[in-house]
Amino acid sequence: MQPIHTLHDFFVRTGADARLYHMGRRVEPCPMEALISLEHDNGAWPLPWQGEARLGIVLRLGEMDDPLIWFLALPLDEQGQLTPAPRDAFLQRLLITLGQSAENTDSASNHQDGVDNLMQDNPLAFTPALPFQAMLHARATRDTGKPPSPHLEPVQNYLSGRQPLDWQFLGLQGLADFVVRLDNAAETILQQALPDLPNDVLLSLCYCLEHIDMPDTLGMALRDRGEQAAQAGELELLCACVRAVGGASPGVAGSWFDALLADDAACGPDLLAAMAARGWRHLEHGERLPRFLTRIAEQPKIDFTAMARDLALIPRLRLPVLMTLRGAERHTPLGQRLAGLTPDKQS
């Protein structure tokens with residue numbers, strides 16, 4: 001067998017059936033070509049999160065009955081490219097584990113246990129938030145042609161009004177299954193239900209919707225609920241709607257971002273973080289990006305350097321962010337932050 005130097009090598013040499021999913025900014029399919037490019041230093045990771053390439057790997061080896069699910073956070077350097085040493089150490093552990101399990105038994109279950117245990121005490125392993133886990137499960141079952149969870153039907157019945165249910169019994173997995181399978185009929189049902197959904201249901205729903213692209217009509221309905229939340233002082237719901245609307249078109253999401261960025265009362269740390277986390281695509285804009293960077297510079301509670309660096313790691317935003325920072329004048333909030341001063345020290 002030829003040597004295994006990369007994760008992709010491992011998938012090929014072992015004949016593994018592997019499906020990759022981004023688990024950083026959004027849960028969405030990740031083409032194998034993105035991993036190949038990263039491991040061969042051919043480009044920056046397209047969707048970095050906090051300096052890492054976060055992956056969900058749905059993996060089936062040999063005759064395994066159920067696939068393994070690995071959550072790996074591969075460290076990136078300042079250019080958004082792979083820092084190889086942690087990946088290499090993981091591969092070495094993986095190959096040793098496979099060799100030991102092959103020597104000890106030919107049992108598929110024991111073989112699976114050996115590989116699965118590899119993720120224990122693994123420095124690259126991470127545990128995604130529950131909405132991320134639910135969305136991964138929903139996407140993986142749909143992508144492999146498996147039926148959704150039993151929690152989907154109660155969600156469909158609740159949203160369509162066909163069956164009165166206590167919303168507290170709706171499961172997050174059912175909401176994720178509904179969102180992943182959002183077709184025209186489901187969009188109509190959701191849009192009609194949206195104005196009257198209890199806040200707690202809408203909050204959980206937004207945690208799922210923030211991982212998909214959405215039609216403008218649904219985006220506008222979510223914007224309306226977000227504006228209502230803002231007027232009622234419900235910050236968590238407002239931020240959830242902002243993250244979800246990040247999946248809408250620039251005409252919907254971008255215009256809302258502009259209105260929020262123009263509002264001194266709205267631009268708190270949580271709202272700005274929501275824009276950066278899920279609405280990064282709408283920050284690739286000649287006027288909106290400088291305005292956003294200025295707003296985060298004005299917030300003493302925001303780690304300006306960390307947030308700006310996180311945005312600059314996104315390949316499409318790297319040059320615009322750097323140019324905006326380099327062009328900042330000393331007397332502006334942005335220039336003051338870059339000079340090491342906090343906003344309350346400005347003169």
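Two strands are taken to pair if DSSP finds at least two bridges between them, and the legends below apply that criterion to a predicted model.

**View 1. The open four-stranded sheet of the predicted model.** In this sheet the strands follow the order β2-β1-β3-β4, and their pairing is antiparallel. Because β2 (27-29) and β4 (68-75) stand at the edges and each has a single partner strand, one side of each is left without a neighbour in the sheet. From one strand to the next, the twist averages 30°. Strands of a sheet pair through backbone hydrogen bonds, in either a parallel or an antiparallel manner.

**View 2. The pairing of strands β1 and β3.** Strand β1, which spans residues 17-23, runs antiparallel to strand β3, which spans residues 52-60, and six bridges join the two. For H22, the bridge partner in β3 is L55.

**View 3. Helix α2 against the sheet.** Helix α2, made up of residues 32-39, lies across the strands β1, β3 and β4, and runs at about 80° to β1.

View 4. L152 has its place in helix α6, which covers residues 152-160. L152 counts as buried because its relative accessibility is 8%, where the cut-off for a buried residue is under 20%. Once the neighbours within four places in sequence are left aside, the residues in contact with L152 are G174, D177, F178 and R181. Although L152 and Q173 are 21 residues apart along the chain, their C-alpha atoms are separated by 7.5 Å.

Notes:
Residues numbered from 1 in each chain as written. Predicted model: local features only at pLDDT ≥ 70, side-chain atom pairs only at ≥ 80, totals over all residues. Heavy atoms only, no water. Buried < 20%, exposed > 50% of the residue type's maximum accessible area, 1.4 Å probe, protein only. Contact = heavy atoms within 4.5 Å. Axes fitted to C-alpha atoms, helices over the stretch in contact; angles between N-to-C directions.
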